[in-house]
Amino acid sequence: MDDTLRRYRQSIDNIDAALVFMLAERFKVTQAVGEHKARHSLPPADPGREESQIARLRQLATDANLDPDFTEKFLRFIIDEVIRHHERARDQ
């Protein structure tokens, strides 16, 4: 493998690691939100919040020259997982 490709791959590996740790932090916070919602009998999902977050992140993606459709799919995957966790907290 040439040195340039090795450096690119090392950068990608570092970015992937940062993404994993950022997602872990995000899920720690959303877990606390789910527990709060369960304690206060709030619904697991907040469609208005989801809609505004998607719009906000689509704009950020556009500003960053990233495909907003990809960004929305990625965010939707995360939101769906968070809601699943919130439903589980509610049901416990």
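The expected span of a helix is taken as 1.5 Å times one less than its number of residues. In this predicted model, helix α1 comprises 37 residues and reaches 54 Å from its first C-alpha to its last, close to the 54 Å expected at 1.5 Å a residue. The N-terminal end of α1 is capped by Asp2, a side-chain oxygen of which lies 3.1 Å from the backbone nitrogen of Thr4. After α1 comes Ser41, whose phi is positive, near 55 degrees. The buried residues of α1 are Thr30, Gly34 and Lys37, and what covers them includes α3.

When neighbours within four places in sequence are left aside, Lys37 is in contact with Leu42, Pro43, Pro44, Ala45, Asp46 and His86. His86 is itself among the buried residues of α3.

Helix α3, which spans residues 68-91, has 24 residues and reaches 34 Å between its first and last C-alpha, close to the 34 Å expected at 1.5 Å a residue. Its N-terminal end is capped by Asp67, with a side-chain oxygen placed 2.9 Å from the backbone nitrogen of Asp69. Within α3, the residues Thr71, Leu75, Ile78, Ile79, Val82, Ile83, His86 and Ala89 are buried, and the buried residues of this helix pack against both α1 (3-39) and α2 (47-63).

The count of aromatic pairs comes to one. The ring centres of Phe70 and Phe74 are 6.3 Å apart and the ring planes are at 20 degrees, so the pair is classed as stacked. Both residues lie in helix α3, where they are four residues apart, about one turn of the helix. Phe70 is partly exposed, with a relative accessible area of 47%, and Phe74 is likewise partly exposed, at 41%.

A search of the whole structure finds nine salt bridges. One of them joins Lys28 and Glu25, with an N to O distance of 3.1 Å; these two residues are three residues apart in helix α1 and are thus separated by about one helical turn. Lys28 counts as exposed at 52% relative accessibility, whereas Glu25 is partly exposed at 44%.

Glu50 forms a salt bridge with Arg76, the closest N and O atoms being 3.5 Å apart. Since Glu50 lies in helix α2 and Arg76 in helix α3, this pair ties together parts that are 26 residues apart in sequence. Glu50 is buried, with a relative accessible area of 13%, while Arg76 counts as partly exposed at 30% relative accessibility. The side chains of Arg58 and Glu72 also meet in a salt bridge, at 2.7 Å from N to O. With Arg58 in helix α2 and Glu72 in helix α3, the pair ties together parts that are 14 residues apart in sequence. Arg58 is partly exposed, with a relative accessible area of 26%, and Glu72 is partly exposed at 31%.

Note on methods: Residues are numbered from 1 along each chain as its sequence is written. This is a predicted model: local features need pLDDT of at least 70, side-chain atom pairs count only at pLDDT 80 or more; totals for chains, interfaces and linings use all residues. Side-chain values use heavy atoms; hydrogens and water are left out. Buried means under 20% relative accessible area, exposed over 50%, partly exposed in between (1.4 Å probe, protein chains only). Contact means heavy atoms within 4.5 Å. A polar contact is a pair of N or O atoms within 3.5 Å; within protein, one must be able to donate a hydrogen and the other to accept it, and residues adjacent in sequence count only if both atoms are side-chain atoms. Rings of Phe, Tyr and Trp (its six-membered ring) pair if their centres lie within 6.5 Å; planes under 30 degrees apart count as stacked, over 60 as edge-to-face and the rest as tilted. A salt bridge is a side-chain nitrogen of Lys or Arg within 4 Å of a carboxyl oxygen of Asp or Glu.
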